[in-house]
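Please read this briefing with the structure open beside it.

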Amino acid sequence: MTDRSVITSGGIEKIGMPDSFITVKLNGEKHRMERPIEEHTAGVKWIFEVLTAGDYAVLKSLEELDAVGHRMVHGGERFNQSVRLTDEVLKAFEECNDLAPLHNPANLKGVAAVTALLPDIPQVGVFDTAFHQTMPDYSYMYALPYELYEKYGVRRYGFHGTSHRYVSQRVCEFLGTSAEGKRIITCHIGNGASIAAVKDGKCVDTTMGLTPLEGLMMGTRSGDIDAGAVTYLMDKFGLDTKGLAALLNKQSGLLGLCGTSDFRDVLAGIANGNDRARLAKEMYTYRIRKYIGAYAAAMGGVDIILFTGGAGENQWEVRDGATKGLEYMGVQMDETRNHSCRATEAIISADNSPVTVCVIPTDEELMIALDTQALA
């Protein structure tokens, strides 16, 4: 694709709720329109209406569309790259529903909605798990009875793969270097957060596991936790699996520690003397720092560390805390560069730093568009 310019962007939120709405970004301005959207087909239809009619139209008709790309969350072991969606592919994807019961069915609804409205248009699936399928078995396996892997696919898969793929490629373009011979640690830090170790352009480890719960502490997710603590809590409070999932996925992380999942509010709490906000920040950045150290060890060193995602791109305090004390492994930060960088591609390490530290804003939509163009 020679022209990567974005004509328009946006999306629908809160489908099935009375306050659902669509946002549209056109010519640098963001617009919001509200309308009750009961289900996905109605939502896709509304998107098509906005694209072809009214104040924000960018197409004369839907016939100008060549293909539609979809973010697909959990492709299991079957999909290690993006694919054109066929009945066979969709059936295999549906078989992964047990691994992502909240996300995969919603992804399928989106595909079905486009099919209902444009039955002949090519559709492409871009899988969150695909980039991580290059992990070696000793990295992705759990130390559980092996038959659990054979029968039920219980292993580490990883997520945010489209983001990790984009930024690990883009940082090499930005620095004018090749991925070959490079050891890169990609830190996708937002409300959901994960880190990947990328060696020679391929993922060799990542923090998320069978589900997005494993790994870093996040906005509302606990991240790593002793499995014995999980069974203890189930017994202590009589929790069933749904109750436990709600506790670990929706009531923990930053929210559970200090009452907010937004890192900006955490920083405001620290400024107001809230000690639990201080604790939450220190835990949050310490765990990022710990995994950076672990992945440097796993790859025999590190050449590039990059930050992306909402907090990674915008909060210098996160980047500062995540790299504090890493001088022993060659990280020399430039405080002025780090503090002034916000949502832009930049080197934030010192000129003499053996390890280059960067901010690279992610662009998962571009990766989906490029894969869709290539496969449609």
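Two strands pair if DSSP finds at least two bridges between them. Helices (H or I, at least four residues) and strands (E, at least two) are DSSP runs, numbered from the N terminus. This is a predicted model, in which local features need pLDDT of at least 70 and side-chain atom pairs count only at pLDDT 80 or more, while totals for chains, interfaces and linings use all residues. Residues are numbered from 1 along each chain as its sequence is written, and side-chain values use heavy atoms, with hydrogens and water left out.

**Sheet**
- An open sheet of mixed pairing is formed by six strands in the order β9-β8-β7-β10-β12-β11.
- β9 (202-206) and β11 (346-347) stand at the edges with a single partner strand each, so one side of each has no neighbour in the sheet.
- β10 (residues 304-308) and β12 (residues 356-359) run parallel and are joined by four bridges.
- Leu306 has Cys358 in β12 as its bridge partner.

**Helix**
- Helix α6 (residues 161-175) lies across β7 (183-189), β8 (193-199), β10, β11 and β12.
- α6 runs at about 125° to β7, where axes are lines fitted to C-alpha atoms, for helices over the stretch in contact (heavy atoms within 4.5 Å), and angles run from 0 to 180 degrees between N-to-C directions.

**Second largest pocket**
- The lining of the second largest pocket divides into four nonpolar, 11 polar and four charged residues, with Gly counted among the polar ones.
- α10 (263-271) and α12 (309-314) each supply at least two residues of this lining.
- The largest share, five residues, comes from α12.
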